[in-house]
Amino acid sequence: MGRRWRGRWSGYSIRVPGRSISGSICRKARRPPAPALVYLHGGGFTLFSIDTHDRLMREYAAAGGFAVVGVDYPLSPEHKYPVALDRIEALMLWLRDHGDELGIDGSRLAMGGDSAGANLSFATALRLRDRGADGLVGAILSNYGYFSNLISDDAERDFGGPASNLDRDEAIAYYANYLTDMARECANPLVCPLLADMAGMPPVFLVIPQCDLLTEQSVAMAALLRAAGVETADKLYPGATHSFLEAMSVAAVAREAIADGARFVAEKLG
């Protein structure tokens, strides 16, 4: 993958209420304004950046023909909840009203992310819905989402432990970094979206690796969405582990999942 890329990156830095936020926009060569996927990188609210996810965002733009807006949101533990969420919400509202300044069609926006980035995508869409901007997010692409601090013994036994690329102790430590008072704040649906009322949410596609500590959370999220009447698609990728999309250059299953996600976003944005 990547050989089809004929687009370009452009940086952006904008002012949102009280703060600034920056990142990069990846777009395939096409006439603006373009529909866009706002992509939030994973890393447990603590690690990584738009640079670590550069290749993945390029692949989505190339495969789907839409722009991808990478977001340099503030990381924990220096920035506790809800700093990152506040900044991302403000960016979405700015893109709705001023996206044309960046070549983005503010009426055709999707959100997506991996792990903690998927959490932030759901939290942003939930907050926008509850504040009367429920049509702003046209779709959500959820890659092995991290939706709750509760991880079962079965998940830790089967997919965690010291030999895994994500175990329960590490996952809980990320939540501890993100929050000021984990016992209290984990009751908040914007922190743990598995507690949320999903009625009125946009269409969702969940990319679910078979061999992941967080697989049970994506399965539970799919059931929660369907029970709320949300248009929901999910796909289990055999043999895949947490963060498997990063292996796109060597793993056919990663390339398949990227193509599936790009197709979903392109279809929903029109």
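**View 1. Asp260 and Lys235 pair up in a salt bridge.** The closest N and O atoms of this pair sit 2.9 Å apart; a salt bridge here is a side-chain nitrogen of Lys or Arg within 4 Å of a carboxyl oxygen of Asp or Glu. Asp260 belongs to helix H8 (residues 252-269) and Lys235 to strand E8 (residues 232-241), so the contact ties together parts that are 25 residues apart in sequence. Helices (H or I, at least four residues) and strands (E, at least two) are DSSP runs, numbered from the N terminus. Is Asp260 buried or exposed? Asp260 counts as buried, at 12% relative accessibility, while Lys235 is partly exposed at 29%. Buried means under 20% relative accessible area, exposed means over 50%, and partly exposed is in between (1.4 Å probe, protein chains only). This is a predicted model, where local features need pLDDT of at least 70 and side-chain atom pairs count only at pLDDT 80 or more, while totals for chains, interfaces and linings use all residues. Residues are numbered from 1 along each chain as its sequence is written, and side-chain values use heavy atoms, with hydrogens and water left out.

**View 2. Glu89 and Arg131 make a salt bridge between distant parts of the chain.** The N to O distance is 3.0 Å. Glu89 is in helix H2 (residues 83-98), and Arg131 is in the loop between H3 and strand E6 (137-143), 42 residues apart. Across the whole structure, the search turns up 18 salt bridges.

**View 3. Asp153 and Arg168 bridge two helices.** The closest N and O atoms of this salt bridge are 2.9 Å apart. Asp153 lies in helix H4 (residues 153-159) and Arg168 in helix H5 (residues 168-178), so the pair ties together parts that are 15 residues apart in sequence. Asp153 is exposed, with a relative accessible area of 56%; Arg168 is partly exposed, with 24%.

**View 4. Ala125, Leu128 and Arg129 are among the residues around the largest cavity.** The search of the whole structure finds one cavity of 30 Å³ or more, and the volume of the largest cavity is about 40 Å³. On a 1 Å grid over the protein atoms alone, a cavity is a set of points where a 1.4 Å probe fits but cannot get out, and lining residues have an atom within 4 Å of a point. Grid points are joined across faces, edges and corners, and the volume is the space filled by probe spheres set on the points. The rest of the lining is made of Ala133, Asp134, Leu136, Val137, Gly200, Met201 and Pro202. Which element gives the largest share of the lining? Helix H3 (residues 116-130) does, with three residues. By class, the lining has seven nonpolar, one polar and two charged residues. For that tally, Ala, Val, Leu, Ile, Met, Phe, Trp, Tyr, Cys and Pro count as nonpolar, Asp, Glu, Lys and Arg as charged, and the others, Gly among them, as polar.

**View 5. Thr232 reaches a backbone oxygen with its side chain.** Thr232 is in strand E8 and counts as buried at 16% relative accessibility. Its side chain comes to 2.8 Å from the backbone oxygen of Val230. Leaving aside neighbours within four places in sequence, Thr232 is in contact (heavy atoms within 4.5 Å) with Val204, Leu206, Ala222, Leu225 and Arg226.

**View 6. Ser115 and Ser243 have positive phi values.** Phi of Ser115 is near 60°, in a residue other than glycine. Ser115 is found in the loop between strand E5 (104-114) and H3, and is buried at 7% relative accessibility. For Ser243, phi is near 70°. Ser243 lies in the loop between E8 and H8 and counts as partly exposed, at 24%.

Definitions and conventions
On a 1 Å grid over the protein atoms alone, a cavity is a set of points where a 1.4 Å probe fits but cannot get out, and a pocket is an open set with protein on both sides within 12 Å along at least five of seven lines; lining residues have an atom within 4 Å of a point. A polar contact is a pair of N or O atoms within 3.5 Å; within protein, one must be able to donate a hydrogen and the other to accept it, and residues adjacent in sequence count only if both atoms are side-chain atoms.
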